[in-house]
Amino acid sequence: MTFCLGMKCADGLLAIADTRITSGTELSVAKKISIHQYEQHSMFILTSGLRSLRDKSITYFEERLRGEQNLDRMYKAANALSEEIRRVRTEDKDWLLDSGLFFDLHCILGGQLAGDDEAHLYLIYPEGNWVEVRA
């Protein structure tokens, strides 16, 4: 089980996540937070769910970030990440179901980009829809 917490407060955002991964009796450690830094702005993604879905979705999103020129608002980043999650869902859904698994990637996306007047925090569901956390 993964624990991720994103909080919006008067001074900005707070994000924490555990790093423990268990599979049967095996234990390992893995990063569940990815940070994307720009000149004056940054964003983070916290994830829970199957590690393979997380890695693939974040990889696609990072590649998209390198090519996007107009990602100046956090809602645009939420939409872009949602589209990449849907892409992975489409690619992997049948294989997961054949193995008795479900697409279960949940994300918390937070940050402030150049066009934002304040920090924003979003919960993104496995279906790719999102809600914004408001203070």
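Predicted model: local features only at pLDDT ≥ 70, side-chain atom pairs only at ≥ 80, totals over all residues.

Trainee: Got it. How many helices and strands are there in the protein?

Mentor: The protein has 2 helices and 9 strands. Along the sequence the pattern reads β-β-β-β-β-β-α-α-β-β-β.

Trainee: And what share of the residues counts as buried?

Mentor: Of its 135 residues, 36% are buried. The protein exposes about 8200 Å², with carbon and sulfur atoms supplying 51% of that area.

Trainee: Let's go inside. Which residues have the most contacts in the largest nonpolar core?

Mentor: Met43, Phe61, Leu109 and Ile124 do, in a core of 23 residues. At least two residues each come from strand S6 (42-48), helix H1 (51-67), helix H2 (74-98), strand S7 (106-112) and strand S8 (120-124).

Trainee: Which element gives the largest share of this core?

Mentor: That would be H2, with 8 residues. In general, nonpolar side chains tend to be buried together in soluble globular proteins.

Trainee: Back to Phe61, then. What does Phe61 touch, leaving out residues up to four places away in sequence?

Mentor: Phe61 touches His36, Met43, Ile45, Ala77, Ala80, Leu81 and Glu84.

Trainee: Nice. Now the helix: which residues of H1 are buried?

Mentor: They are Leu53, Arg54, Ser57, Ile58, Tyr60, Phe61 and Leu65. Viewed down the axis of H1, these buried residues fall within an arc of 165°, so they line one face of the helix. They pack against strand S5 (33-37), S6 and H2.

Trainee: What exposed residues sit on the face of H1 turned away from that buried side?

Mentor: Ser52, Glu63, Arg66 and Gly67 are the exposed residues there.

Trainee: And how far does H1 reach from its first C-alpha to its last?

Mentor: H1 spans 25 Å over its 17 residues, close to the 24 Å expected at 1.5 Å a residue.

Trainee: One more, about Arg51 in H1. Why does Arg51 count as partly exposed?

Mentor: Because its relative accessibility is 33%, and partly exposed covers the range between under 20% for buried and over 50% for exposed.

Trainee: What does its side chain make a polar contact with?

Mentor: The side chain of Arg51 pairs with the side chain of Asp55, at 2.9 Å. Arg51 also lies 8.6 Å from Leu105, C-alpha to C-alpha, although the two are 54 residues apart in sequence.

How values were computed
Residues numbered from 1 in each chain as written. Heavy atoms only, no water. Core = buried A, V, L, I, M, F, W, Y, C linked by side-chain atoms within 4.5 Å. Buried < 20%, exposed > 50% of the residue type's maximum accessible area, 1.4 Å probe, protein only. Helix = DSSP H or I, 4+ residues; strand = E, 2+ residues; numbered from the N terminus. Contact = heavy atoms within 4.5 Å. Polar contact = N/O pair within 3.5 Å; in protein donor to acceptor, adjacent residues only side chain to side chain. Areas by Shrake-Rupley, 256 points an atom, 1.4 Å probe, with all protein chains shown as cover. Expected span 1.5 Å × (residues − 1). Arc of directions from axis to C-beta.
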